[in-house]
Amino acid sequence: MKKIIVFSLFIGALVLSSCDPASKYATEISKIDSCLTILDSLQSDYDGIEFDSLQGMVDHVLRNEDTIKKYYHPDTLSMEIGTRMNDCKGIRKTLKGVGTKKENFAAEISDLKVQFESLKTDISEGVLSEEQINEYLARELFDLNILHVTFDDFNAMQKIQKKYYYASVPYIDRLIVELKSAPQED
């Protein structure tokens with residue numbers, strides 16, 4: 001009799017564990033955990049970007065462009081000034097709307113984190129059908145991929161533009177000081 005009870009308990013435990021949604025969808029949950037790790041990494045990279053400084057760079061370049069237009073009127077443009085001004089133009093164009101990008105990236109990272117955590121909870125609690133799990137997970141993976149690509153592109157681009165800024169803007173600043181101190185023609 002004792003053997004029958006132990007055997008029944010063993011079979012019961014097997015049946016219960018095979019019905020556990022977390023066990024059944026361990027692969028999907030593992031995928032979600034990997035996605036949450038990626039989002040944590042993106043958040044860390046995001047936190048390392050000095051968005052206010054980037055906006056300050058854009059503002060500085062805009063002021064310099066206006067000042068150059070006002071004070072610099074040569075017949076020909078030197079190659080050095082042209083190159084430096086092109087660098088500044090690139091900074092202005094590629095970092096345009098940096099405040100909006102800051103807000104959009106923060107919102108998207110936060111939203112996706114909530115979505116993946118909710119999906120993980122729903123899967124673990126057995127709330128969703130297999131079809132829903134596959135559909136929702138595919139959608140969130142697609143959104144994460146888009147965020148990852150766009151954020152990585154922006155992050156790489158802002159690093160490059162900072163190098164251009166620190167190489168070219170001081171040159172233009174010195175030129176502006178010279179132009180302002182030179183006698184002006186009427």
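1. Let's start with the helix pair: α6 and α7 lie roughly antiparallel to each other, because their angle falls in that class (over 145 degrees is roughly antiparallel, under 35 roughly parallel, 65 to 115 roughly perpendicular, and the rest oblique). The packing angle is about 155°, and the axes sit 10 Å apart. Axes here are lines fitted to C-alpha atoms, for helices over the stretch in contact, with angles running from 0 to 180 degrees between N-to-C directions. The crossing of α6 past α7 is left-handed, meaning that the near helix is turned anticlockwise from the far one by less than a right angle.

2. A word on the model before going further. It is a predicted one, where local features need pLDDT of at least 70, side-chain atom pairs count only at pLDDT 80 or more, and totals for chains, interfaces and linings use all residues. Numbering runs from 1 along each chain as its sequence is written, and side-chain values use heavy atoms, with hydrogens and water left out.

3. Who makes the α6–α7 contact (heavy atoms within 4.5 Å)? On the α6 side the residues include Val-98, Phe-105, Leu-112 and Phe-116, and on the α7 side they include Tyr-136, Leu-144, Leu-147 and Phe-154. By class, the contact has 15 nonpolar, two polar and four charged residues. Ala, Val, Leu, Ile, Met, Phe, Trp, Tyr, Cys and Pro are taken as nonpolar, Asp, Glu, Lys and Arg as charged, and the others, Gly among them, as polar.

4. Of its 186 residues, 30% are buried (under 20% relative accessible area, with exposed over 50% and partly exposed in between, for a 1.4 Å probe and protein chains only).

5. On to the largest nonpolar core, which has 42 residues. Such a core is a set of buried Ala, Val, Leu, Ile, Met, Phe, Trp, Tyr and Cys residues joined through side-chain atoms within 4.5 Å. Its members that touch the most others include Leu-39, Leu-54, Ile-68 and Phe-154. Helices α3, α4, α5, α6 and α7 each give two or more residues, and α7 supplies the largest share, 13 residues.

6. Beyond four places in sequence, Phe-154 contacts Ile-49, Phe-51, Leu-54, Leu-95, Val-98, Lys-101 and Phe-105. Asn-155 is also in α7 and counts as buried because its relative accessibility is 9%.

Methods: Helices (H or I, at least four residues) and strands (E, at least two) are DSSP runs, numbered from the N terminus. Contact means heavy atoms within 4.5 Å.
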